[in-house]
Amino acid sequence: MHTFLAADDAIEPLAGELGGADMEGVWLRSENLPAHLAFARQTLPRARRVEAASVNAWADQILQSIVGVLPEEGTWRLHLWPAYGEGRAGEHRCRLIRSALVEKLKKQRRALMRCQEESQEPFTRSTSLVQAVLTSPGSGLLSVSAAPEPHELRSIISAYPAGHITPAEDKTAPSRAFAKVIEAEMRLGRRIMKNETCVDLGASPGSWSHVALLRGAHVTAVDRSPLRADLMRHPRLHFHQGDAFKFRPPEPVDWLLCDIIAAPQRSMDLLLDWLRARLMRAFIVTIKFKGTDEYGQLDTLKQNAPPLCADFRLTRLCANKNEVCAFGIAARE
Ligand SMILES: C[S@@+](CC[C@H](N)C(=O)[O-])C[C@H]1O[C@@H](n2cnc3c(N)ncnc32)[C@H](O)[C@@H]1O
């Protein structure tokens, strides 16, 4: 059985994606391990329940779960987080467990020493992941995912503990929507780079363009309405007024950014059209919902987008409301 942590307000949608699951609050258990789960925040493969009365017992349990299981080569990470209580007590307990584990590791074989303590870089093929969740001070879940599994399942296993990213703040952006681009970049492990070319569809008032311009990119912004005045004057921004669904760039661009308010099927079809026509190298596309009835439409995207991509992700971002974000890298040939 595998354990999944549901994204905010997404327990039922996640159960639907899993084809049924045992539910315990935000934790869902299922034997299925689908390639894409838009409504999961984190996946804990083969998680088992643990009873550990003390800090020392927790450290022992974690140590026992990895000795002889993690590969001799490569690095590993420990995601250790509390999922109980309101205050700081859980975080404090996790810090103590981590310190106790580090002491125990010093007496272990060299392979176990290669723990990347705080890294949130994308998983490589040689990264292993150990996840320990305290659902109470003395009990929780423990999952060991030996390399290359975290990399191979990177669309459902997050490099961020509990899959959580606090939405970014930027008071100079025209709206809070900019946090979606930043979070998608972080999850993908690839940022918009200086001199790259971006098409931003549904760009007004301009937060996504604002991020791309800050990164040094050249932006074609498409909307029926203009962007904020300072962005309209920016030397690296070209504004195209019109229907974003009809716009096609004269030559392929580095990034398709798309945050159009539209029916989900239209946004998904737009993404698939651009991928099939090889119009972009990377993409971040918001799929917006009214209510919950249309979530099932994501199945078409889960089937059709991955063969067109080197890396395809579909997830409800921490910065998303009733939306899901499709982002990734297009296939080269
Ligand atoms: C959520 S807003 C985009 C916010 C923007 N990403 C930002 O960060 O500031 C959606 C935008 O889609 C635009 N839009 C909706 N349908 C459109 C269409 N067919 N063509 C062009 N723009 C469209 C709206 O005018 C609106 O500005």
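Visitor: Into which domains is the protein divided?
Guide: In this predicted model, the protein is divided into domain 1, covering 45-163, and domain 2, covering 178-330.

Visitor: And how far apart are their C-alpha centres?
Guide: The C-alpha centres of domain 1 and domain 2 lie 34 Å apart. As for the contact between these domains, domain 1 gives four residues to it and domain 2 gives four residues as well.

Visitor: What classes of residue are on the side of domain 1 that touches domain 2?
Guide: On that side, domain 1 has one nonpolar residue, two polar residues and one charged residue.

Visitor: Changing topic, what is the strand order in the open sheet of seven strands?
Guide: The order is β11-β10-β9-β12-β13-β15-β14, and the pairing in this open sheet is mixed. Its edge strands, each of which pairs on one side only, are β11 at 237-241 and β14 at 309-315, while the twist from one strand to the next averages 10°.

Visitor: Staying with β14, in which sense does it pair with β15, parallel or antiparallel?
Guide: Strand β14 pairs with β15, residues 323-330, in the antiparallel sense, and the pairing extends over six bridges.

Visitor: Which strands does helix α8 lie across?
Guide: Helix α8, made up of residues 264-276, lies across β12 (253-258), β13 (280-288), β14 and β15.

Visitor: At what angle does α8 run to β13?
Guide: Helix α8 runs at about 175° to β13.

Note on methods: Residues numbered from 1 in each chain as written. Predicted model: local features only at pLDDT ≥ 70, side-chain atom pairs only at ≥ 80, totals over all residues. Domains from an automatic or database assignment. Contact = placed C-beta atoms within 7 Å. Nonpolar A, V, L, I, M, F, W, Y, C, P; charged D, E, K, R; others polar. Pairing = 2+ DSSP bridges. Helix = DSSP H or I, 4+ residues; strand = E, 2+ residues; numbered from the N terminus. Axes fitted to C-alpha atoms, helices over the stretch in contact; angles between N-to-C directions.
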